[in-house]
Amino acid sequence: MDHVSIPNSDEVNKAVEGLKSNGFVVYVVENGEKAKAQALELITEGSEVMTMTSKTLEQIGLTKELNESGKYNSVRTQMNSLDRNTQKKEMSKIGGVHEFAVVSTHAVTQDGKLIWASNSGSQIPALAYGADKVIVIASTKKIVKDLDSGLKRIYEDVLPQENKRVQAAYGMPESNVRELFILNNVSPMLPGRVQVILVNEDLGF
């Protein structure tokens, strides 16, 4: 299998079973519209929600809904009101601990692991521990055979596209894989903490 195309149903099913065996709650939907609807079913209105930077979340309209509809307590909006130069500590506290973290991922292995690459590491505290619930939305094109394939996907496919994004968005020369976070399984003491919505549509990168 490659790591840029929508896989066949057998490969998707392997990843679903792998994720479930590692304690993740898994949903499979056909398109971004259904992914958005599924995510909104899982997020309580009025709750504190942090949307991580994600092309996938933007494409399906979830970032805008969670941050601009007024139905949710947007952590992103709170952070954007602060001065990064003088209030960095406050931003780190707000961004690391909340009720819901909503994010995509860079790779999903068939044996049920999630992999993220990060330049700043800012999203990792919430994913690893700080958020009460984590909702992960990812195109099934991100399914890979194993960790090695996942890392290959990150360096060969994700990073070049992220470089283009940060150049356009921030004027940065390039991004960097400074940190990697691998979520192997969900603690049995926190059942249902991480819920994964796999989408059979080409979304994000």
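Contact is taken as heavy atoms within 4.5 Å. Helices (H or I, at least four residues) and strands (E, at least two) are DSSP runs numbered from the N terminus, and two strands pair if DSSP finds at least two bridges between them. The model is predicted, so that local features need pLDDT of at least 70 and side-chain atom pairs pLDDT 80 or more, whereas totals for chains, interfaces and linings use all residues. Residues are numbered from 1 along each chain as its sequence is written, and side-chain values use heavy atoms, without hydrogens and water.

Six strands form an open sheet with parallel pairing, in the order 1-10-7-4-2-3. Strand 1 (25-29) and strand 3 (73-74) are at the edges with a single partner strand each, so one side of each has no neighbour in the sheet. Six bridges join strand 7 (residues 131-139) to strand 10 (residues 194-199) in the parallel sense, and I137 is opposite I197 in strand 10. Helix 1 (residues 9-21) packs on the sheet and touches strand 1 and strand 10, its direction making about 160° with that of strand 1. Angles run from 0 to 180 degrees between N-to-C directions, with axes fitted to C-alpha atoms, for helices over the stretch in contact. Helix 2 (residues 32-42) lies across strand 1, strand 4 (98-103), strand 7 and strand 10, at about 165° to strand 10.

A nonpolar core is a set of buried Ala, Val, Leu, Ile, Met, Phe, Trp, Tyr and Cys residues joined through side-chain atoms within 4.5 Å, buried being under 20% relative accessible area (1.4 Å probe, protein chains only). The largest such core has 29 residues, with F24, L114 and V194 making the most contacts inside it. Helix 1 gives the most to this core, four residues.

Conventions: Buried < 20%, exposed > 50% of the residue type's maximum accessible area, 1.4 Å probe, protein only.
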